[in-house]
Amino acid sequence: MVNNLNVEVSPVSRVEGHGDLIINVKDRKIEKLMFRIPESPRFFEAMLVGRKYDEPSHITSRICGICSVAHTCASIKATERALDIQPTEQTINLRKLIYHHENVQSNVLHVYFLAAPDFFGAGSVISLVETHPEVVNIALRTKKMANDMVRIIGGRAVHPIRTVVGGFTKLPTEEEMIIMRKMLEDCYPDLEKSLEVLKTVKIPDFERETEYISISDANDYALYDGNIKSTDGWEIDDQDYLDKINEKVVQHSTAKHCWANRDSYMVGALARFNNNYERLTDNAKEYAEELGLKAPCYNTFMNNIAQFVEIVHSVDDSIRLIDKILEEGLDEDKAMVDIKPGAGRGVGVVEAPRGLLIHDYTYNDKGRIEKANLIIPTNMNYANIENDMKALVPEIIDKSEDEIRLACEMLIRAYDPCISCSTHLLSVKLINK
Amino acid sequence: MAFKDKDISDDSSCTKINIRIVGFGNKYRSDDGIGIKVIEELEKIDFFKDVEIIDGGTSGTDLIFLAKGCRKIIIVDAIDTGTHTEEVLCIHVDDVEEFIKKDCKSLSLHDLNLSDILRLIKALGIDTDISIIGVKPKNINFGEKLSPEIENKIPQIISRIKEEINKVNI
């Protein structure tokens, strides 16, 4: 046991991009704790200014390879709202289908490749090939399935090209829909095996209740569309996000911090689970129960388990969506709706794999974007990561410096931060334990 | 012919000579987009008509799927080997550990880093011939344009890619 702690972890590996965590403990009290993000200028917002309605979704899709469908859909929704475009139900169902599989792609990557090495005490996914080859093979098969789903619907496995304002430039064929259904059915043995493996994993015992914010819908476990809802009891129309979501610049980080009802909140799989548990499929609920995940859950480390439960839900719900689309029949006449460029403001809110993602565009009377505001989920989580750290470090202060360092890294990784779309450098420093 | 629509998760047999060229990077991160800019050029060149050309964007892990099922894969990316930004590098990944010892880093901001992905490919027993061709970027801040020094290297990078293809016994 030591009284002073001075740790820097640089960089925090297995996190998208890079950031910087510094913890300075003196006489067993935290003197300084900063999660510092050297965010680059808000380039994409500036870049959208002056663009026509058909450009923003392709540009913002390139912000990040992991969240490209999310940015595409948030962008499309903002534009459609601004220009008063109502896509067909067929389009919405296909968007929900492609959306599920970006979430699966990302959740697989995070649960199996980035977080699992922590759970199994392996240094990285490379070690897992030796110690848990079946886990790696399951991850690859599931990721491949999700890639193929996104490719068949969107035309590419990342940065989809067929998903556009007004609908789809090309529809999948009925045969492709049947192939996708079979691919989904084939996933279940791997999900069951994953469940057995994850049941053996010891999740750190840490709880800190905070505000959890996600979108929510009366009928769906909302990923593509819904109101913005908080576990603190408020729910608002997504167009009114500015009524609750606040951003502020903090001195130690050029990335903005966000707050709503309290000084911080959490977004992501655990927030979605806490707000929308009832809308999970029965099968996904059973998986959650087997893994000890109950709503509300206040253990940030369980975010990774919530991500796995979402994979199960996405597979179940995709089969339901495919059956529905096939039953109604794919109709080329419903692939696109008419678009009349003009002036207006619209907000597109979706759940990126890492949480709430907001695009807010204002078009001028020449049909060009005049103003754009993008709020990404990782930015929303920064303040909550700091607050979690402030609660976690005193609980583990009697552990060795290496153990503290690992616990801090694991906590950051549990959030699945995708810093590459907000910044690109991460290191962790613990000072004077 | 080049297959613009073919992409990273499609590991079906590619073309008759079974070679893939994958550009990685973010074209809105200045020089990080060199891989994408190069493959956009390759699609216009007749020499590459029998080679599969793929825009890999910023999705690193999917390289595993691409490496399966072809005899050679050429990765085009911004790479940092500590050398000068002027130098075009062609690294043949005969030995992943040797490659890692050289401290070569892919600068693209993807998921797992390139060294980990190459290790994973090796650990999974995928023995596809892999080469990485690229240049050290000067600037990876947000921006649509390549630095002039990096843009000037595109013809040289394309020449190196041709050399790599010509080495394959077709």
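In strand 13 of chain A, E351(A) has L356(A) as its bridge partner. The model here is a predicted one, so local features need pLDDT of at least 70 and side-chain atom pairs count only at pLDDT 80 or more, while totals for chains, interfaces and linings use all residues. Residues are numbered from 1 along each chain as its sequence is written, and chains are lettered from A and ligands numbered from 1 in the order in which they are written.

Back to that pair of residues and its surroundings. Strand 12 of chain A and strand 13 (residues 355-363) of chain A are joined by nine bridges and pair in the antiparallel sense; strands pair, in the sense used here, if DSSP finds at least two bridges between them. Helices (H or I, at least four residues) and strands (E, at least two) are DSSP runs, numbered from the N terminus. The two strands belong to an open sheet of three strands in chain A, with the order 12-13-14 and antiparallel pairing. Strand 12 (344-352) and strand 14 (369-375) of chain A are its edge strands, each pairing on one side only. From one strand to the next, the twist averages 10°. Axes are lines fitted to C-alpha atoms, for helices over the stretch in contact, and angles run from 0 to 180 degrees between N-to-C directions. Helix 3 (residues 68-82) of chain A packs on this sheet and touches strand 12 and strand 13 of chain A; the direction of helix 3 makes about 155° with that of strand 12 of chain A.

Chain A has another open sheet, this one of four strands in the order 8-7-6-11, with mixed pairing. Here the edge strands are strand 8 (235-236) and strand 11 (265-266) of chain A, and each pairs on one side only. Two bridges link strand 7 (residues 227-230) of chain A to strand 8 of chain A, in the antiparallel sense, and I228(A) stands opposite I236(A) of strand 8. Helix 9 (residues 269-276) of chain A packs on the sheet, touching strand 6 (211-216), strand 7 and strand 11 of chain A, and its direction makes about 75° with that of strand 6.

Helix 9 of chain A also meets another helix. Its axis and that of helix 11 (residues 303-328) of chain A come within 8 Å and cross at roughly 70°. Helix 9 and helix 11 of chain A are therefore roughly perpendicular to each other (under 35 degrees counts as roughly parallel, over 145 as roughly antiparallel, 65 to 115 as roughly perpendicular and the rest as oblique). The crossing of helix 9 and helix 11 of chain A is left-handed, which is the term if the near helix is turned anticlockwise from the far one by less than a right angle, with right-handed used if clockwise. On the helix 9 side, A269(A), L270(A) and F273(A) meet N303(A), A306(A), Q307(A), V309(A) and E310(A) of helix 11; a contact calls for C-beta atoms, placed from the backbone, within 7 Å. By class, this contact has five nonpolar, two polar and one charged residues (Ala, Val, Leu, Ile, Met, Phe, Trp, Tyr, Cys and Pro count as nonpolar, Asp, Glu, Lys and Arg as charged, and the others, Gly among them, as polar).

Taken as a whole, chain A comes to 13 helices and 15 strands.

Strand 3 of chain B runs parallel to strand 6 (residues 129-135) of chain B, with seven bridges joining them. Among the partners across these strands are I74(B) with S131(B) and D77(B) with G134(B). Strand 1 (residues 19-24) of chain B pairs with strand 3 of chain B too, in the parallel sense over five bridges, and I21(B) has I74(B) as its bridge partner. Strand 6 of chain B is mostly covered, with six of its seven residues buried. Strand 4 (residues 88-92) of chain B runs antiparallel to strand 6 and is joined to it by five bridges, with I91(B) partnering I132(B).

Terms used. Contact = placed C-beta atoms within 7 Å. Buried ≥ 20, exposed ≤ 12 C-beta atoms within 10 Å, placed from the backbone.
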